[in-house]
Amino acid sequence: MRISDVMLQSSFINNLNRTKEQLAKMQEQSITGKKVLRPSDNPSSSVTILSLQKQISNGESYLKNLDYSKGFITESESNLNVMEYELSSILSNMTLSSDPTAQGNLNIFAEQIDLSLQSMLDAANASFDGKYLFGGTDFSAKPYDLTSDGASVEVKTSGVGGEQKISFSQNITQKLNVTGTELFGTIVKQSGSLDSGAANGTIITDQKSIFNAEGTEFTLKTSYGKTADNTWNFTYDIEDGTNTSIFGTPPTAKSLVFDSSSGVLKTVNGVSPDLMNIRDSSNKIDFNIDLRSLKEASAPAISMSANQENDIFNVIIKIRDNLKNGILPTGEQLDQVQAFHKHLLNKLSQNGNIYNQIENTQELWNNRIFNLQDLYSKEQDVDQTKLIIDMQSQDNQLQIAYKLSSMILPKSLLDYL
Amino acid sequence: MGLSRIFDISRRSLATYQKAMDITSHNVANASNENYTRQRISFSAENPEKTAGFIWGAGVKIDDVARIRSTLVDSQLRTSNGEFQMQDQKSAILSQIEQVFSEPSDLGISNSLTKFFNSWNELTVTPNSTALRYQVVQSSQQLSSRVKTVYDSINTIKYDTMRDFTEKTTRVNNLLKQIQQVNVQVVDSGAVGISANDLMDSRDAIIDELSTLVNVSVITDNKNSANVSIGGIQALDASGYVEFDVQVINGKLSLVTKENHAKVSLSGGQLAGLSSVYSEKIPDYIKSLDDLSNRLVETVNEQHQKGYSLSDPPQNGILFFDSYSDGNLIINNNILNDINQIAVSADGTEGNSEIAVKIANINHQKTLDGTTMTDFYSRMIARLGNDKQTSDRFAETTDLVIQQLTQQKGSVSGVSIDEEMTNIIKYQRSYQASARLISIADEMLETVIRMV
């Protein structure tokens, strides 16, 4: 092949450029410590890196939520423990007050029980980061306080049943708070099944005793009227001791729609079923109806039960007032306090379970983020040792090229003429 | 045969080798000129004379001074050069677009989008927290600003691409004009029997430059006039040249003839690269950005409208984003003025954050083109990376072909100093021999004169 001078020059320049290009690329990687600086460096890696960045960022965000939640749960637990302690103290005072030697000092027991009541109220109104721990989701006011006559405790906000939900992952949304409703409130659960084969117009009724904040008995009457397939109208009424409705006008009926195959309650007035809070200030009535267990089936039978029938504050107030008046606590009152104590321990246990779940989720996220960062590092971080060796090799090539070309390129026949 | 004949033959020889030295010097002088084509002298014996029944040799003459060039290599080189320039131009613009997106880094839309959704996620913890509400507003503003910056920057690149295309079209017209002028000079030289090698080199250099801009095909006619066609349009022949103009036809950046708007089929050169990015790539990226932003507005607003604000009384039906158009992701001004207007409560109580949970979850839902928003965006980034990488690889491969062809061209047309110096020695010796012959003939003549 005939070799011209231009060929030698261009060949040298081209090869030199290629080596320098590779060196420049390596230098860039070495300085930034990253393999992929732009999508075209490695398009598939870019997608992986973006995805890993997103997952790590999401994980860190969930970890923030988890950290915060642990604080909230710890604070809830601490206040539940205060209540438990005070309740134990009340139980102890109730027992001690029955001692014949203490009969002259019942006032002291009343005072101690009053102090415990105040502590329990304080704990019930405790807050964390501006949020009432047992006040649901309405933070507009302190949730619990004595009525103006001091005879009972009432809810001062729109409700204490709101659930504070927090996302811990893409699929886990956790209720964080122990709601006031589930802790102090009465939840009347309607269980059983309505007759799926019943003709339109069929009416099924049920009733149960409920108690107001002062312990006065009322009757809750529920009624279900079939209007169409899988659809029932639900109405309720509350009657006092004289069988008179407490409502001037009956409450508006709600439309219940059941799933045609599973029979579970799908919607109440078009939305997912939830607790129905029923409150009547004039009668100091505040409780919840839970229809979520109600079904439609071919074997109809319905029943109502309540998680706790008596308002614990009212029970304690009555015990206190009775002691002030020289009346000893009754066995029924002791049972009521013990029932709430058991209920409180349940809630403490539930709270502990949530804390454990949060810790587990936190551990999972920590591990996951560690793994994701490891993957990210493999995908994005430069192997500096390998890079330096490669750079050294390229640099050697460059020097050899310079040396050889400086020897060969200037030579021609002219040098020998 | 007289002695004077020796003088004639030697004189002619001297002139011939002097000319040969001229040509060689010209070659040596242009040894580093890439556009130069080496010239080779063809010698032949002068027409012999027939006298007294003998054929007398009349010495040497120059037959031709030829340009040593391969038209096949030229044609392949121009085609490859056009392909390289097209891919290189695409790569250069795509590189600018890559910089605009700044992925994968903390400065990209992907990170802003993730942070936006994470701010809603963190708001679920304390939905009435002023700090967390500000965080939502700030992350939204950051996202909005990032989308706007990317959108505007891409449009600036699009505008610059159009301007570059227009400037290069003007250059195409200028080059055609120059080729036409050189064509006339080449034909005129040929008409008077002068070989116009250097003019043809100039013309080839201009055609080479033209081939970096557009896909050309060149045919040289019998008068050595170059006929050039560009993308199926006869752009230049003996009768003159066609001027080209720029037109956007159905969103596609096109090169058309000025006179009758005939469209050039661009398949090589920088103009093809510019047109491809302007007409196909940029609209694709902008559409993806629009689709993403529109879907974001729809899905976030759909949930946000259901929520209740923190205001007294709580309000619902509030849009989080006012609208999106042309890169402007506009956040509801009422929210910017009063963060309590962020509506995350499903029941109106300030501790309820169900709507924030739902908005945060949008990031995990397949709401756009069968995938999540961030994955949709990642796909677009991968497409951009692939486009750039494909152009780079095409350019790299074509560059290797060009280097091969350039070597071939250099082997055929390039000047070798060694070869030329050898020729110089050869011609110098021939010249010296001819001069010596004259000296000998002179001595012979003197001998004869002395005899008288």
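Visitor: How much of chain B is buried?
Guide: Buried residues make up 42% of its 452 residues. A residue is buried if 20 or more other C-beta atoms lie within 10 Å of its own, exposed if 12 or fewer, and partly exposed in between, with C-beta atoms placed from the backbone.

Visitor: What sort of model is this?
Guide: This is a predicted model, where local features need pLDDT of at least 70, side-chain atom pairs count only at pLDDT 80 or more, and totals for chains, interfaces and linings use all residues. Residues are numbered from 1 along each chain as its sequence is written, while chains are lettered from A and ligands numbered from 1 in the order in which they are written.

Visitor: What is chain B built from?
Guide: Chain B has 10 helices and 12 strands. Helices (H or I, at least four residues) and strands (E, at least two) are DSSP runs, numbered from the N terminus.

Visitor: Is chain B compact or spread out?
Guide: Chain B is more spread out than a compact globule, because its radius of gyration is 38 Å, well over the 22 Å that the globule rule gives for 452 residues. The radius is taken over C-alpha atoms, and the rule is 2.2 Å times the number of residues to the power 0.38. Along the principal axes, the C-alpha trace of chain B spans about 140 × 45 × 35 Å.

Visitor: Okay, helix 5 of chain B: how far apart are its end C-alpha atoms?
Guide: They are 25 Å apart, which agrees with the 24 Å that the 17 residues (197-213) should span at 1.5 Å a residue. The expected span is 1.5 Å times one less than the number of residues.

Visitor: And how many residues of that helix are buried?
Guide: In helix 5 of chain B, 12 of the 17 are buried, so the helix is largely enclosed by the rest of the structure. Among them are L199(B), M200(B), I206(B) and I207(B), along with D201(B) and R203(B).

Visitor: Switching topic, where do the two chains meet?
Guide: 49 residues of chain A are in contact with 49 residues of chain B. Two residues are in contact if their C-beta atoms, placed from the backbone, lie within 7 Å.

Visitor: Which element of chain A gives the most to that side?
Guide: Helix 2 of chain A does, with 15 residues.

Visitor: How confident is the predictor in chain A?
Guide: Chain A averages a pLDDT of 89, and 100% of the residues score at least 70. pLDDT is the predictor's confidence in each residue, from 0 to 100. Confidence in chain A is lowest in strand 4 (residues 153-155), at a mean of 82, and highest in strand 11 (residues 254-258), at 94.
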